[in-house]
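Visitor: I have this one open and would like to go through part of it. Can we start?

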Amino acid sequence: MSVAQDEPVAEPGAEVRTDEPGIEGVAEPEAEAPTDETGHPEFADDTPATAAPPPPPGAGQLDPDNTHWWRSAVFYQIYPRSFSDLDGDGVGDLAGIIDKLGYLELLGVDALWLSPIMRSPMADHGYDVADPRDIDPLFGDVETFDALIAEAHDRDIRVTMDLVPNHTSDQHPWFVAALAGEPDGPERARYIFRDGLGDNGDDPPNNWHSVFGGPAWTRVTEADGSPGQWYLHIFAAEQPDLNWENPEVFADLETTLRFWLDRGVDGFRIDVAHGMAKPADLPDMDLTNTTLLQNDDDDPRFNNYAVHEIHRRIRKVIDEYPGAANVGEIWVDDNERFAEYLRPDELHLGFNFRLAKADFDPAAIRAAIENSLESVLSVGGTPTWTLSNHDVEREVTRYGGDDLTLGVHRARAMLLVEMALPGSVFIYNGAELGLPNVDLPDDALTDPVWERSGHTERGRDGCRVPLPWEGTAPPFGFSTADTTWLPIPDSWAPLTVEAQLEDVHSTLSLYRQAIEMRYEREEFTGDTVEWYDAPPGCLAFRRSQGHLICALNASDAPVPLPPGELLLTSIPLVEGQLPPNSAAWLI
């Protein structure tokens with residue numbers, strides 16, 4: 001990707017960041033931010049002022065006495081657009097989630113994680129937030145969200161939601177004010193504006209690329225019509241990065257945290273948790289191996305030490321709500337750096353994506369498990385496991401390519417592997433149905449990656465296709481609309497929830513059995529694993545305390561099982577042996 005054609009020179013008067021953010025944190029406010037009558041911060045006139053109803057009487061976290069539920073929880077990620085549409089517009093909504101809570105209770109999950117539902121122009125499907133203290137009308141309203149929390153809690157299911165603190169929408173009142181404000185004015189100090197380099201400031205302040213493709217800087221036109229400063233957006237141009245050295249930024253986030261926690265939200269998934277803090281001098285990045293949707297540990301756009309003070313301040317707020325917890329999206333490979341996010345006064349959990357990135361190969365899988373366990377050991381943290389999410393190719397396709405049967409067999413085997421491990425598990429909606437990625441037609445693609453890459457990268461839509469619920473033809477009960485926001489393939493008829501609930505051998509039935517056993521059997525205890533010798537192409541481990549044994553056969557021939565009583569297999573045994581591309585639990 002080439003860097004922007006237009007570009008700027010950093011002048012001291014335009015700097016809005018401190019010179020030395022330091023290892024321990026972002027700049028503190030020189031004076032206390034003003035507070036309202038509740039003691040919570042109040043802000044400038046251009047802050048979103050949502051006239052939301054007060055929290056329902058008795059609203060609160062599901063079980064304030066249980067402050068460690070997240071250490072072994074099974075989270076179910078709902079991509080709201082694609083879960084269930086009750087209002088018939090072809091897009092999933094909160095009412096649709098409420099309608100399916102009985103299904104989620106039957107599945108046996110402990111907590112929900114809702115991808116973004118806050119008010120947004122939807123340039124990045126909700127990750128561009130225009131008002132963080134309101135529900136987007138596409139999904140419903142605050143009252144419907146209150147009902148969702150109450151009904152989920154009645155079924156002993158917790159509700160967590162996506163929090164997007166790295167950036168806002170370009171339609172957020174703060175950014176609208178910044179565009180109308182002066183280059184050195186307080187409105188722009190909430191974001192990262194810089195003068196350009198080169199003649200007349202025509203070059204960007206540095207060579208950073210957007211994660212979605214193209215330059216990470218966009219030049220604005222000043223009020224007098226002249227070419228002006230540039231603003232930073234690590235993602236799309238519609239997602240300007242916030243300046244976390246400005247005390248107003250955290251003050252506003254604190255109000256947002258309390259707004260939802262007071263309504264009974266049980267925690268947050270923090271988007272780009274390794275972002276937010278930027279190096280003061282904004283050095284150029286190494287473009288040698290730059291790829292879309294990825295970063296490495298030397299990438300100056302991410303993982304700057306000042307981010308840890310932001311997490312400490314977030315944790316202080318969350319700790320005022322016993323029973324609430326947060327999990328961070330952390331794309332950090334170095335174990336020592338990763339562990340820093342899980343210190344007792346920072347994040348409760350951090351997403352570790354090693355297992356989701358590992359090939360279906362025993363050595364790669366074992367390395368991912370060992371590395372993930374090691375990454376939390378030094379701080380007494382809890383490991384997390386996931387095989388897919390809204391940003392990652394579904395495991396069925398990743399493991400099997402065009403061979404759906406092979407992919408499903410391997411995905412079922414890996415379910416038993418991850419469910420046997422200590423820590424928390426995150427299931428992406430549809431994984432329990434064995435859904436593959438969908439190769440969508442070009443005119444159906446909506447991911448901003450598609451446009452920003454010049455139609456060279458297809459983006460993430462293939463893993464976001466709506467779920468099939470019932471019937472024999474699209475939209476399979478997802479919606480009453482004939483057309484859904486992404487088309488559902490005809491081939492998904494055998495994969496509907498209805499079809500799989502009636503089949504004891506289905507992938508959905510396997511998920512239900514595995515989750516139930518994980519919760520109810522005492523063998524699933526112990527914070528570490530012990531490895532067994534295994535035949536070539538296989539691996540086997542035992543939970544250190546409960547003595548559950550998990551065996552995986554990734555070879556091309558059946559193998560004998562380890563000694564023990566058989567609990568569960570991902571596919572039936574072959575003459576008493578574990579077949580290829582399968583796994584088993586024993587005690």
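**A sheet and its helices**

Guide: Trp-531 has Phe-541, in S15, as its bridge partner. This is a predicted model, where local features need pLDDT of at least 70 and side-chain atom pairs count only at pLDDT 80 or more, while totals for chains, interfaces and linings use all residues. Residues are numbered from 1 along each chain as its sequence is written, and side-chain values use heavy atoms, leaving out hydrogens and water.

Visitor: In what sense do S14 and S15 pair, and over how many bridges?

Guide: S14 and S15 (residues 538–543) pair in the antiparallel sense over 3 bridges. Strands are DSSP runs of E with at least two residues, helices are runs of H or I with at least four, and both are numbered from the N terminus. Two strands pair if DSSP finds at least two bridges between them.

Visitor: What order do the strands of the open sheet have?

Guide: The order of the 5 strands is S14-S15-S16-S18-S17, with antiparallel pairing. The edge strands, S14 (529–531) and S17 (566–569), each pair on one side only.

Visitor: Now helices. At what angle do H11 and H14 pack?

Guide: H11 and H14 (residues 507–520) pack at about 10°, with their axes 10 Å apart. That makes H11 roughly parallel to H14, a label for angles under 35 degrees, with over 145 roughly antiparallel, 65 to 115 roughly perpendicular and the rest oblique. Axes are lines fitted to C-alpha atoms, for helices over the stretch in contact, and angles run from 0 to 180 degrees between N-to-C directions.

Visitor: Which residues meet there?

Guide: Among them, Val-408 and Arg-412 in H11 meet residues of H14 including Leu-510 and Tyr-511. Contact means heavy atoms within 4.5 Å.
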